[in-house]
Amino acid sequence: MATETTGAVSSCVDSYGSAIGMPQLCFEWFPNQIFWLVLTLVVIFLVLSRIALPRIASVLAERQGTITNDIAAAENLKAKALEAEDAYNKALADARAEAQNIVASAKAEIQADLNVAIAKADSEIAAKTSESEAAIAEIRAGALASVEEVAKDTAAELVSALGGKASAKDVGAAVAARLKG
Amino acid sequence: MEGDLAHIGAGLAAIGSGAAAIGVGNVAGNFLAGALRNPSAAASQTATLFIGIAFAEALGIFAFLVALLLMFAV
Amino acid sequence: MADKAAEGSSLVFHPMDQFIIKPLFGDGPIGMFTVTNMTLWLGLAVLCIFGLMVLGTSRRAVIPSRAQSIAEMAYGFVYKMVEDVTGKDGLKYFPYIFTLFIFILFSNFLALIPMSFSPTSHIAVTAILGFGVFFVVTAIGFIKNGVGFLGLFWVSSAPLALRPVLALIEIISYFVRPVSHSIRLAGNVMAGHAVLKVFAGFAALTAVAPLSILGVVAIYGLEVLVSAIQAYVFTILTCVYLKDALHPSH
């Protein structure tokens, strides 16, 4: 039972290296523990408060700023995109309207040409028609006059053949009356 | 003889750990019951849950400490 | 105790031996400045914290690397906790609280490495932390609120006849705070490690060895959880005490 004299360096540890009682309650270790603990805490505190925490705070702030900026930029770009889309739509509408105008004017021109051509054709046709009608009327008049002449001659021949004696004047009146009737 | 009594005392003190287990179970169970009724409020109360568990647990730890003291320090 | 060690049987438990403080170099007595195994593990904790919080964030990247995002998560976690519990005016004390949190977290986690030493299992360590918080918070309370800080103990919403009794209870509970604050942490860590050691001791018996190894694994998992939760609880209780000091009205 050699405890304190040989191997043991402390009243809290026996010569076999086992704890006597609770090591937590060994008061002769307290100054050592407290010294190293306080040293540790001071070192950690200095490291954290001088270097680590401000750095992390700045990184977080920077990230927040970056995110805010990015969101703003994205909104800006979105607005620009909307603007561009509007402009595009407007250009499209303009182009469409212009195209319609061109189509309409072309149509009107063609229509006008067509009208002129039709009018010309119509007048030509009308001229030809009236010419033809005049020719027909001439022919008809010619025909009527020949008929009258033939009828007069025939009537005079008939009257003379029948033994009558008719003046050319009477025969002509009678034929004219007959032709009229 | 004294050592034997101390061991018995340590065993009795260890009952306190079981009592602390009941306490912790009570806290956690009630939290769960409340959280299932109103899940949206559960997240804001986890800190309270841990504080409650810590308090209940601490008393069991004190009982354990008494047991340790009886075992090793008396 | 010597007879215990001399038993030579297969079942020898020394669950408390892992908490012994030894000098790292030589064999002498432990004076105040002796470099011990506790110094080693405290130093490792400092190195790990330095590695995570300083080297990990050294690139100051807007898109963080893994280490940097862990550091930022720890920062945001504690920052939000302080802000939520103590309010905006507590943010002034954020570096102190963050120091406590990260130190306890890293000590707890490093203590989970097998054969390591756990500084936070020592009452001397946690008592310094707990009583330090207690004294600082009480000082802040008196500096910020003057005598009005005593209003913390005078429950004005209670009936007048009850107030002295309540004041007594409040005062007792106020002074018990640092004790429970420190013993909670030390007790949890110590208990977990002692239980691990006891379970590991049972592995010497062939019949129960599989069960004991399973138990060690399970308890180890629990200890990982406890390590984080105790760091969290210590920090949030510090915040709660700080809130009481800043806003003592009940």
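Two residues are in contact if their C-beta atoms, placed from the backbone, lie within 7 Å. The legends below describe a predicted model.

**Figure 1. Overall view of chain C, a chain of helices.** Among the contacts in chain C that join residues at least 6 apart in sequence, 63% link residues at least 24 apart. Chain C contains 7 helices and 0 strands, and its pattern along the sequence reads α-α-α-α-α-α-α. Taken along the principal axes, the box filled by the C-alpha atoms of chain C is roughly 65 × 55 × 40 Å. Of the 250 residues in chain C, 38% are buried.

**Figure 2. Packing of helices α3 and α4 in chain C.** Helix α3 of chain C covers residues 66-86 and helix α4 of chain C covers residues 94-111; the two pack at an angle of about 125°, with their axes 10 Å apart. The helices α3(C) and α4(C) are therefore oblique to each other, and their crossing is right-handed. On the side of α3(C), the contact is made by Ala74(C), Val78(C), Tyr79(C) and Val82(C), while α4(C) contributes Phe94(C), Ile97(C), Phe98(C), Phe101(C) and Ile102(C). By class, the residues of this contact between α3(C) and α4(C) comprise 9 nonpolar, no polar and no charged. An α-helix has 3.6 residues a turn, so residues three or four places apart point the same way.

**Figure 3. Helix α5 of chain C and its surroundings.** The buried residues in α5(C) are Ile123(C), Ala124(C), Val125(C), Thr126(C), Ala127(C), Leu129(C), Gly130(C), Val133(C), Phe134(C), Val137(C) and Gly141(C). Within chain C, the buried residues of α5(C) pack against α4, α6 (163-202) and α7 (209-246), and they also pack against α1 (30-161) of chain A. Just after α5(C) comes Gly146(C), with a positive phi of about 60°.

**Figure 4. The contact of chain A with chain C.** Chain A supplies 41 residues to this contact and chain C supplies 45 residues. On the side of chain A that touches chain C, the residues divide into 28 nonpolar, 8 polar and 5 charged. The helices α1(A) and α3(C) are shown in detail: their axes come within 11 Å and cross at roughly 95°. An angle from 65 to 115 degrees counts as roughly perpendicular, and α1(A) and α3(C) are therefore roughly perpendicular to each other. Here Leu53(A), Ile56(A) and Leu60(A) of α1(A) meet Ala71(C), Glu72(C) and Tyr75(C) of α3(C). The contact of α1(A) with α3(C) has 5 nonpolar, no polar and 1 charged residues.

**Figure 5. Two loop residues of chain C with positive phi.** Most residues other than glycine have a negative phi. Arg60(C), a residue other than glycine, has a positive phi near 50°. Arg60(C) lies in the loop between α2 (37-55) and α3 of chain C. With 12 other C-beta atoms within 10 Å, Arg60(C) is exposed, because a residue with 12 or fewer such neighbours counts as exposed. Met115(C), also a residue other than glycine, has a positive phi near 70°. The loop between α4 and α5 of chain C holds Met115(C), which is exposed, with 5 other C-beta atoms within 10 Å.

**Figure 6. Phe117(C), a buried residue in a loop.** Phe117(C) is located in the loop between α4 and α5 of chain C. Phe117(C) has 24 other C-beta atoms within 10 Å and is buried, because 20 or more such neighbours mark a residue as buried. Not counting residues up to four places away in sequence, Phe117(C) touches Asn37(C), Met38(C), Trp41(C) and Ala111(C). Val54(C) is 63 residues from Phe117(C) along the chain, and the C-alpha atoms of these two residues are separated by 25 Å.

**Figure 7. Ala6(B) and Leu70(B) in chain B.** Ala6(B) belongs to helix α1 of chain B, which covers residues 2-37. Ala6(B) is partly exposed, with 17 other C-beta atoms within 10 Å. Although Ala6(B) and Leu70(B) are 64 residues apart in sequence, their C-alpha atoms are 5.4 Å apart in space.

Definitions and conventions
Residues numbered from 1 in each chain as written. Chains lettered and ligands numbered in written order. Predicted model: local features only at pLDDT ≥ 70, side-chain atom pairs only at ≥ 80, totals over all residues. Axes fitted to C-alpha atoms, helices over the stretch in contact; angles between N-to-C directions. Helix = DSSP H or I, 4+ residues; strand = E, 2+ residues; numbered from the N terminus. Parallel < 35°, antiparallel > 145°, perpendicular 65-115°, else oblique. Left-handed = near helix turned anticlockwise from the far one by under 90°. Nonpolar A, V, L, I, M, F, W, Y, C, P; charged D, E, K, R; others polar.
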